[in-house]
Every structure is written in structure tokens, then in C-alpha cells.
Amino acid sequence: MKPILSVENLTKKYKNFIAVDDLSFNVNKGEILGLLGPNGSGKSTTINCILSLLNFESGKITIFNKEMQPNAYDIKKDIGVVFQEVAVFEELTVFDNIDYFCGLYIKDKTLRKKYIEDAIKLVGLEEFKKFYPKQLSGGLLRRLNIACGIAHKPKLIFLDEPTVAVDPQSRNNILDGIKKLRDNGATIIYTTHYMEEVEILCDRVIIIDKGKIIASGTNDELKELSKIEEKVTVEIDNLDDKVLDEIKQFKNVDEATYNSGILFITYKKGKNNLSSLIDYLKKADIHYDKIYSERPTLNDVFLYLTGKELRD
């Protein structure tokens, strides 16, 4: 089966700066692909090139088995885009906003009305059809933004940070809606800085940095790359530097830090790490309140691969 989207050797430059560097990847039908990377990694540039919103130096982009071009309207009508910035008309109601954007693709009024109702139901805006954007909360506004981008039932959807600055209830509603889109046959490219969302939603993940792919695979496959087998957190009121230095010398310890009453240890591999630590604390007569162990998260992998330094 041919992929719905194929990016081959994509290169985009801004004068002497290479924003996207010979990038290649495929997106398969019916999957949610997480496209991740730190600020300035090339994610947005890549998406804008795919959508033919930017010219690029070299490469080829194929969507629905056709080469993508700026005037490829037969391709674009089956693409939905929801950018991070909310883009709706303040003078139109919820229903009329969705009607406007859906009407760019669906001319039949009867069919369009059905599509609008489907979109409203998907994002949970049934009670807000006659509301204006200024009357909506941030979460509702995000949901309206999504409805406007997907009402025409596109086959390929780009979602850029759709849950930024929303409350947990709205976030859950949005994530449930994205799953329904996939279940209804859509293929989705998802960008976010919330790694827990990626673990919940994405079938496969690509991490890019400095315009190149540095890792790709399923969540479990990526976690193998972090070289972290276990994370242990201990609540201790007082821990002197000598004890911390001794813990750092333990077998399999990758890193150990102590800050604000929390001892945090990462282990590279091995078994019985937790029991060995408990034995040590008892022998050293070090009292602790809570201690627990967990597997590395995708966030750990992301920081391991891209570094912990701040990005602009």
C-alpha cells in the first residue's frame, strides 16, 4: 500500500541557514503521526512546505499519489489544517463560522449542513451554535477552530498544537475528537509539546532537530533509545552531598540529583535497583517519606535526544 503522504529529500534554506535538511518520511493511511521537535527544529517549515505554502530548494512531496504543487486544488480539497493560532471570524456565530470554512469545499447546501452538524457534534459544541467567538472560553474556541478545519471531512489532517492553553476537560474532549477522526478514516499529522498526548494518540512518532530526523518509531521503540531503564524518585528531608556522591557510584546509575527534598535517580539497566537503594537507605539510617519507580516516558526520550538546554 502506497503512503498517503511521501516527503522525499526535502531541503529548505533561508539564505545560508538550512531549516530543513534533506528530510524524507512517509505517512500511512489511517495513522496518527506525531511530528515532534524543539523550537526552531524545522517542524513548521516542513509542514508549510508540504502544504505548498513555502517554496523549497529541492525535494518532492506526494499526497494521494500525486505530486503536490501550489495550484493542486484537487489535492488541497481533501486536506484539513488546524494551525495553533485560532483563525475564526468574530462577527460570525459558531455555526456560521463552520459553514463558511466548510463552504470553501462543499457547495451542496444539504450535504454541507450535515457535515457542519457532524463537526459540531464531534467537538461538542451542540449548545453553542448561536454563540459568537468572543462569548466562548479558550477551550471552546479551540474546539471551534478544529471544527472549522475538519468540517469538510478531509482525508489528511494537520493539527498544530490544538490543545495549547486549554483546561483538562477541554483537552480530553479534543483528544477524544482526534481519535474519532482517525476511527472515521482520517490520517493525521500531529504536532505538540505535550508528550503525554503523543503517548495517548500517536501510532508512530518522528522527532526532528536542526532540520533532520533524529529518531522515528513507535512510542515503545523510541523509549529504547533513551538508554534509561528505570526512574526512581525518593522524598527525603535532608540528604548530604556525601550520600548523594555514594549513590551516584551505584551500579547502573546514570544520573542522581537532589533538589527541594526530592532525590531523583535514573538507571541505565539492571534488576533490583529499587531494592538495592532501599537496603542502602536503611543501612545508612536515612529516613524517607515516599519512594516509587517508573519506566521512562516519551518526555525523557525527547530530552535525551534533543538536550535539556533552553531553545528560543
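Two rings of Phe, Tyr or Trp count as an aromatic pair when their centres lie within 6.5 Å. With that in hand, let us walk through this structure, which is a predicted model.

**Aromatic rings**

The structure contains five aromatic pairs. Two of them are set out here.

| Pair | Geometry | Centre to centre | Angle between planes |
|---|---|---|---|
| F128 and F131 | edge-to-face | 5.2 Å | 75° |
| F250 and Y280 | edge-to-face | 5.0 Å | 80° |

The pair of F250 and Y280 links distant parts of the chain, 30 residues apart. F250 belongs to the loop between α9 (241–248) and β12 (253–259), while Y280 is in helix α10 (residues 273–283). Elsewhere, ring pairs join F89, Y100 and F101 into a cluster.

Charged side chains also meet rings here. The charged end of R171 sits over the ring of Y194, 4.0 Å from the ring centre. Likewise, K155 lies over the face of F64, at 5.8 Å from the centre of that ring.

**Nonpolar cores**

The largest nonpolar core has 46 residues, and those touching the most other members are L36, I98, L125, L144, I178, I188 and Y190. Helix α5 (residues 138–150) gives the most to this core: seven residues. Apart from this core lies another, of 26 residues, including C49, I63, F64 and I75.

Leaving aside residues up to four places away in sequence, I188 touches E31, I32, L33, I157, L159, I178, L181 and R182.

**An open sheet and its helices**

Four strands make an open sheet with antiparallel pairing, in the order β12-β13-β11-β14. Strands β12 and β14 (291–294) are at the edges, each pairing on one side only. From one strand to the next, the twist averages 15°.

Strand β11 (residues 230–235) runs antiparallel to β14 and is joined to it by four bridges. Which residue of β14 is the bridge partner of V232? That partner is S293.

Helix α9 lies across β12 and β13 (262–267), running at about 160° to β12.

Key: Residues are numbered from 1 along each chain as its sequence is written. This is a predicted model: local features need pLDDT of at least 70, side-chain atom pairs count only at pLDDT 80 or more; totals for chains, interfaces and linings use all residues. Side-chain values use heavy atoms; hydrogens and water are left out. A nonpolar core is a set of buried Ala, Val, Leu, Ile, Met, Phe, Trp, Tyr and Cys residues joined through side-chain atoms within 4.5 Å. Buried means under 20% relative accessible area, exposed over 50%, partly exposed in between (1.4 Å probe, protein chains only). Helices (H or I, at least four residues) and strands (E, at least two) are DSSP runs, numbered from the N terminus. Contact means heavy atoms within 4.5 Å. Rings of Phe, Tyr and Trp (its six-membered ring) pair if their centres lie within 6.5 Å; planes under 30 degrees apart count as stacked, over 60 as edge-to-face and the rest as tilted. A charge sits over a ring if NZ of Lys or CZ of Arg is within 6 Å of the ring centre and within 35 degrees of the ring normal. Two strands pair if DSSP finds at least two bridges between them. Axes are lines fitted to C-alpha atoms, for helices over the stretch in contact, and angles run from 0 to 180 degrees between N-to-C directions.
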